[in-house]
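Subject: Handing over the two-chain model

Hi,

Here is the structure I promised to pass on to you. Please have it open while you read, and my notes follow just below.

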Amino acid sequence: MATTMITTLDRSSRAAARGLSDISIRNLFIIPTILFLIVFNIFPLIYSLGYSFTDFRASTNAPANFVGLQNYRDLLNDPYVWSNFAITAKYVIISVAGQLFVGFGVAMLLNRDIPMKGLLTTLLLLPMMLSMAVVGLFWKLLYDPSFGIINYALGLGTFEWLADPKMALYAVALTDIWMWSPFVMLLSLAGLSAVPKHLYEAAAIDRAGPFYTFFRITLPLVAPILMIAVIFRTMEAFKTFDLAYILTSQPTAELISIRLYKMAFQEWQTGRSCAMAYIVLIMVLAITNIYVKYLNKVKER
Amino acid sequence: MRKIVTSVLAGVGLALACGTSVHAQEKSLTIFWAEWDPANYLQELGNEYEKETGVKITVETTPWSDFQTKAFTEFNAHGDAYDLVVGDSQWLGAGSTGGHYVDLTDFFKKHKLNDVMAPATVKYYAEYPGNSGKYWAIPLEGDAVGWSYRKDWFEDPKEKEAFKAKYGYDLDVPKDFKALRDIAEFFYRPDQKKYGIAIYTDNSYDAMAMGFENALFSYGGELGDYATYKVDGHINSEKAVAALDAYKELYKFTPPGWAKSFFVEDNQAITENLAAMSMNYFAFFPSLINESSNPNAKNTGFFANPPGPNGDQFAALGGQGISVVSYSQKQDEAMKFLEWFIKDETQKKWAALGGYTCSAAVLKSPEFQSATPYNKAFYETMFKVKDFWAVPEYAELLQQLNQRIYPYMIGGSGTAKETLDALAADWNATFKKYGRVK
C-alpha cells in the first residue's frame with residue numbers, strides 16, 4: 001500500500017545503485033521527523049496532561065499530589081480567567097476583522113495594472129517581517145502621550161492610548177492589524193489573480209454593476225483562500241503574547257496567554273498552568289474545526 | 001562516506017578538546033545577577049578577587065524582567081550554570097524550602113554576621129522563615145525605595161513664594177506625605193508639560209507593590225502578621241485604606257501615560273524634565289548624579305521616604321543577598337569567596353565602587369555618608385525598611401495584589417476599602433491553600 005503512494009525510485013539512480021529501496025529512502029526522511037515530533041511535541045503534550053491533574057510546582061522539590069479535576073474546576077470558576085477569555089475573544093474578533101478588511105481592501109487596490117506594483121507590494125509586506133517584540137517596542141514609543149508621533153500627527157494632545165483601561169486593548173489590536181494585514185493582503189492577492197479574467201469580461205458584456213461583479217464573482221472565488229487567512233490569523237491572534245505583553249500591563253488587555261505565562265513562570269503553579277494550557281488548546285481546536293468545516297463547504301460550492 | 005566519518009570524528013575530537021580546556025580552568029566562579037550598574041561594580045570587585053587569589057569571577061546578568069524566570073528555570077532543572085546567585089529578597093522562601101540555596105547558618109554564626117551587617121538587611125535578605133535563626137544568604141546589595149527631586153524647581157524664589165501663598169508653609173523637601181501630595185499638586189502643570197510626581201505603577205512584577213508599600217508602611221499599616229499569616233484587619237485596616245487612597249491621589253499628578261512605569265520611567269521623569277519628584281530604588285540614583293546620563297545632574301537632590309500622618313516613617317525594601325546554589329560543583333570555592341566578601345576592607349571597597357554595602361560599620365562611617373548626595377538618605381532609610389512576604393508562594397500574593405490594586409489605582413473602579421477587603425480575602429485563601437492558616 002505504502003509503496004504505491006510514492007513515486008518509485010529511478011532504477012538507474014545512485015540511490016538505487018547503493019541498494020536503497022523506496023521504502024528505506026522514505027523511512028530515512030520520515031523517521032527523524034517523526035522522532036523529533038514525538039520527543040519535543042507529543043511527549044511533552046501528554047506529560048503536561050498528567051501534570052494538569054496535580055498540584056505540581058516546578059519551583060519546589062515537593063512531590064506532586066494528584067488532585068483530580070481540582071485545577072480545571074478552580075480555573076473555570078475563577079472570574080479573572082473568564083475575563084481573560086472575554087478579553088481574548090474581543091481582541092481576536094477586532095484584530096482579525098480589521099486585518100481582513102484592511103488586507104483585502106489593499107489587495108483589491110493592488111490587483112490592477114499600476115506602475116511599480118512589485119516594489120509597492122514588497123514594501124507593504126515589511127511589517128509582517130519584523131519581530132513581534134520589536135514591533136511592540138516601537139509602537140510603544142509611537143503611542144507615547146508625551147512624545148509619540150501618533151498623537152502629534154493626529155493632533156490628539158496627550159491622549160493615553162495604553163494607559164487608558166478602555167483604550168489599551170484597541171491599541172494592541174491596532175498594532176496587530178498594522179503588522180498582519182499584509183499577510184491577508186498577500187493571500188488575497190494570490191486569490192484575486194487566480195480569478196479567471198473571462199468571468200469579468202462576461203459580466204461586463206452583461207452590463208453587471210461593480211457591486212454585483214464583486215459579490216457574485218470576486219468574493220465567492222476568493223472566499224476559500226480568505227478562509228485560510230482567517231484560520232491562520234485567528235489561531236495566531238488567540239496566542240498573541242509578546243506584542244500585548246510589551247505594549248501594556250492593563251488588566252483590561254490581559255490576554256489569556258499572558259495570564260498563562262504569569263501563572264506558569266512567575267508564580268510557578270505548574271500543575272494549574274498545564275490545566276489552563278489544555279483549556280486554551282481545546283478552545284483553539286474547537287474554533288479551528290468550525291472554520292475548517294466551513295472552509296470545506298465553501299470549497300464544495 | 002569515509003570523508004564524512006573522518007569529519008565527524010574530527011568534530012567530536014574538537015568538542016572534547018574544548019570540553020577539557022574548560023575543565024582545565026577549574027578555578028572560576030559564576031555569579032548570576034540582574035543586568036544593572038551594581039552588577040558591573042560586583043564584576044570589578046570580582047576582578048580584585050582574581051588578582052588576589054587567581055580565581056576568576058564572572059558576573060552573568062540578564063534583564064530584570066526575566067531575572068526571576070531565568071534563575072528559577074535553572075534551579076528547577078538543578079543546573080550548575082551558576083555557583084552563586086544574588087537573589088531578590090522575596091526568593092528566600094522558595095530558594096530555601098525548594099532546596100536551591102545552601103544553608104549558611106553555620107557560616108553566619110561563625111563570622112557573627114548578625115552584628116556585622118545592618119539588622120534590617122539580615123532580617124530581610126538572609127533569614128527564612130522569619131525569626132527562625134536560619135540563614136540562606138549574605139546581605140550584598142542594600143536597597144530601598146527613596147526619592148529624587150529637582151532642586152532648581154524647589155529653590156526657585158518665585159515658586160517658593162507662590163507655594164507659600166497657596167499652602168501656607170515653605171516649599172522644601174517634603175516633611176510628610178501631605179507635603180508630598182501638596183508639592184506634587186503644586187508642580188502639576190500639564191499646559192507647561194511639567195508634572196508633579198513620578199511613582200511606580202507597573203503591575204508585571206513588584207513595582208506597584210513597592211510603591212504602595214512606601215505609603216502603607218509610613219501610614220503605619222502592615223501587609224499582615226508575618227508570624228501568623230493573619231491578613232484580615234491588617235491589609236484592610238483603616239490605616240491601609242488611607243495609605244492606598246494617598247497613593248492613588250499621587251497618581252493624579254503623574255505625567256501622562258504613567259500606567260506602566262518602573263525604575264526606567266521614573267529616572268526619565270527627572271532626566272527629561274517631566275516631574276518635580278520621582279520615586280526610585282537607591283540603586284538607580286548613581287545614574288542621576290552622572291552628567292552624561294542626566295542633564296539635570298547638578299540640580300537633582302534626594303530624600304528618604306517621608307513619614308505618614310502619625311509620624312511613622314518606613315520604606316519598602318529592595319536589595320539582595322548572595323546565596324550559594326546547592327547544585328553548584330564548586331561550593332567550597334564559593335564559600336571562600338563569601339569569606340573574602342564579608343571582610344571589612346572588601347566591604348569598604350564595595351562601597352567605594354558604587355555598591356550599597358550592608359555592613360553596619362561602613363554605613364555608619366562619615367566617609368560613606370558624605371561620598372554621594374544620596375548616601376545619607378540611604379543610611380537613614382536602611383534602618384527603617386520593611387519588605388513584602390518572602391514565602392515560596394510570594395509570586396501568587398504579588399499577582400493578587402496587582403490584580404486588586406491596579407484597577408483601583410489606574411482604572412478607578414471600586415473603593416479603597418473594597419479593594420483591600422478583596423485582597424485580604426484573596427491572600428487568606430492563598431495562605432489556606434498552602435496550609436499556613438486554618
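A word on angles before anything else: axes are lines fitted to C-alpha atoms, for helices over the stretch in contact, and the angles run from 0 to 180 degrees between N-to-C directions. With that in mind, look at helix α2 (residues 37-53) of chain B, which lies across β1, β2 and β4 of chain B and runs at about 170 degrees to β2(B). Please remember throughout that this is a predicted model.

**Confidence**

The predictor assigns the complex an ipTM of 0.73 and a pTM of 0.81. For chain B the average pLDDT is 90, and 94% of the residues score at least 70. One stretch to treat with care is residues 12-24 of chain B, where pLDDT stays under 50 and the model has 0 contacts beyond four places in sequence. Where pLDDT is low, the predicted coordinates should not be read in detail.

**The five-stranded sheet in chain B**

The sheet that α2 of chain B lies across is open and mixed, with 5 strands in the order β2-β1-β3-β10-β4 (chain B). Its edges are β2 (56-62) and β4 (138-141) of chain B, each of which pairs on one side only. From one strand to the next, the twist averages 30 degrees.

Here is how some of the strands pair:

- β1 (residues 28-34) and β3 (residues 84-88) of chain B are parallel and share 2 bridges; B:Ile31 stands opposite B:Leu84 there.
- β3(B) and β10(B) are antiparallel, joined by 5 bridges, and B:Gly87 faces B:Gly321 as its opposite residue.
- β4(B) and β10(B) are also antiparallel, with 3 bridges; B:Ile138 has B:Ile322 as its bridge partner.

Is strand β10 (residues 320-324) of chain B mostly covered or mostly open? It is mostly covered, as 5 of its 5 residues are buried. In a regular strand the side chains alternate between the two faces of the sheet. In β10(B), B:Gln320, B:Ile322 and B:Val324 are on one side, B:Gly321 and B:Ser323 are on the other, and all of them are buried.

**Strand β5 and its partners**

Strand β5 (residues 145-150) of chain B is mostly covered as well, with 6 of its 6 residues buried. B:Val145, B:Trp147 and B:Tyr149 point one way, while B:Gly146, B:Ser148 and B:Arg150 point the other way. β5(B) runs antiparallel to β7 (residues 275-281) of chain B, with 5 bridges between them, and B:Gly146 stands opposite B:Asn280. β5(B) is also antiparallel to β8 (residues 300-303) of chain B, over 4 bridges; here B:Arg150 is opposite B:Thr300.

**The core**

The largest nonpolar core holds 190 residues, and those touching the most other members are A:Val172, B:Ile31, B:Leu84, B:Ala137, B:Ile197 and B:Ala275. Helix α9 (residues 168-193) of chain A gives the most to this core, with 12 residues. Beyond its sequence neighbours up to four places away, B:Ile197 touches several residues, including B:Leu250, B:Phe253, B:Ala275 and B:Met277.

**Where the chains meet**

In the contact between the chains, 22 residues of chain A meet 27 residues of chain B. On the chain A side, helix α13 (residues 256-266) provides the largest share, 3 residues. That side divides into 9 nonpolar, 9 polar and 4 charged residues.

A residue to look at here is B:Ala395, in helix α19 (residues 394-411) of chain B. Leaving aside neighbours within four places in sequence, B:Ala395 is in contact with A:Gln266, A:Glu267 and A:Trp268. B:Ala395 counts as buried because 25 other C-beta atoms lie within 10 Å, where the cut-off is 20 or more.

**Backbone points to check**

Most residues other than glycine have a negative phi, and most peptide bonds are trans. These spots depart from that:

- The peptide bond between B:Tyr128 and B:Pro129 is cis, with omega about -15 degrees; B:Pro129 lies in the loop between α7 (119-125) and β4 of chain B.
- A:Arg207 has a positive phi of about 60 degrees and lies in the loop between α10 (197-205) and α11 (210-239) of chain A. A:Arg207 is exposed, with 7 other C-beta atoms within 10 Å.
- B:Lys112 has a phi near 50 degrees and is found in the loop between α5 (105-110) and α6 (113-116) of chain B. B:Lys112 is exposed too, with 10 other C-beta atoms within 10 Å.

Methods. Residues numbered from 1 in each chain as written. Chains lettered and ligands numbered in written order. Predicted model: local features only at pLDDT ≥ 70, side-chain atom pairs only at ≥ 80, totals over all residues. Contact = placed C-beta atoms within 7 Å. Nonpolar A, V, L, I, M, F, W, Y, C, P; charged D, E, K, R; others polar. Core = buried A, V, L, I, M, F, W, Y, C linked by C-beta atoms within 7 Å. Buried ≥ 20, exposed ≤ 12 C-beta atoms within 10 Å, placed from the backbone. pLDDT = per-residue confidence, 0-100. Pairing = 2+ DSSP bridges.
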